[in-house]
Amino acid sequence: MLVFYFLLLLSVVYFTCSYKQFSIENYAFVDHELKTLNRVSFKSCVKACEMERVCISVNFGESLDEVGCCTLNDCGVEDEANKGKSLIFTPGCLYHQVRPTEAAINKVYEDT
């Protein structure tokens, strides 16, 4: 039984560490804002999310000088194909998923 739990934990850690971040242009995640940062680069925006334990995704609106408004979100979509209900079409905004959602991690549990 201990071996099963170890393998389950190992698969979740592997999934989380091997997670591939993705972006969706002209969409934003709404109603889950943690914090807003103004006049930051996209790279700084993503780094700020990585530093916040509860941050899952960001919305980034770029201006002409490559800095913009960054919104850190405490939620995200399960995967790129699941964007329909959660994301709102927002011209000029970039949605970027930094971490897997809890639903995606739970799917790893179900698959093992």
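Two strands count as paired if DSSP finds at least two bridges between them. In this predicted model, strands β3 (residues 57-62) and β4 (residues 68-73) meet that criterion, because 6 bridges join the two in the antiparallel sense. Within this pair, S57 stands opposite N73 of β4.

The pair belongs to an open sheet of 5 strands. The strand order is β1-β5-β3-β4-β2, and the pairing is antiparallel. Strands β1 (22-29) and β2 (33-40) form the edges. Each has a single partner strand, so one side of each lacks a neighbour in the sheet. From one strand to the next, the twist averages 30 degrees. Strands of a sheet pair through backbone hydrogen bonds, in either a parallel or an antiparallel way.

Helix α2 (residues 42-51) packs on this sheet. The helix touches β1, β2, β3, β4 and β5 (87-97). The direction of α2 makes about 160 degrees with that of β3.

The structure contains 1 salt bridge. The side chains of E52 and K35 meet there, at 2.7 Å from N to O. E52 lies in the loop between α2 and β3, whereas K35 sits in strand β2. The pair therefore ties together parts that are 17 residues apart in sequence. Are these two residues buried, partly exposed or exposed? E52 has a relative accessibility of 27% and so counts as partly exposed. K35, at 36% relative accessibility, also counts as partly exposed.

Notes: Residues are numbered from 1 along each chain as its sequence is written. This is a predicted model: local features need pLDDT of at least 70, side-chain atom pairs count only at pLDDT 80 or more; totals for chains, interfaces and linings use all residues. Side-chain values use heavy atoms; hydrogens and water are left out. Helices (H or I, at least four residues) and strands (E, at least two) are DSSP runs, numbered from the N terminus. Axes are lines fitted to C-alpha atoms, for helices over the stretch in contact, and angles run from 0 to 180 degrees between N-to-C directions. Contact means heavy atoms within 4.5 Å. A salt bridge is a side-chain nitrogen of Lys or Arg within 4 Å of a carboxyl oxygen of Asp or Glu. Buried means under 20% relative accessible area, exposed over 50%, partly exposed in between (1.4 Å probe, protein chains only).
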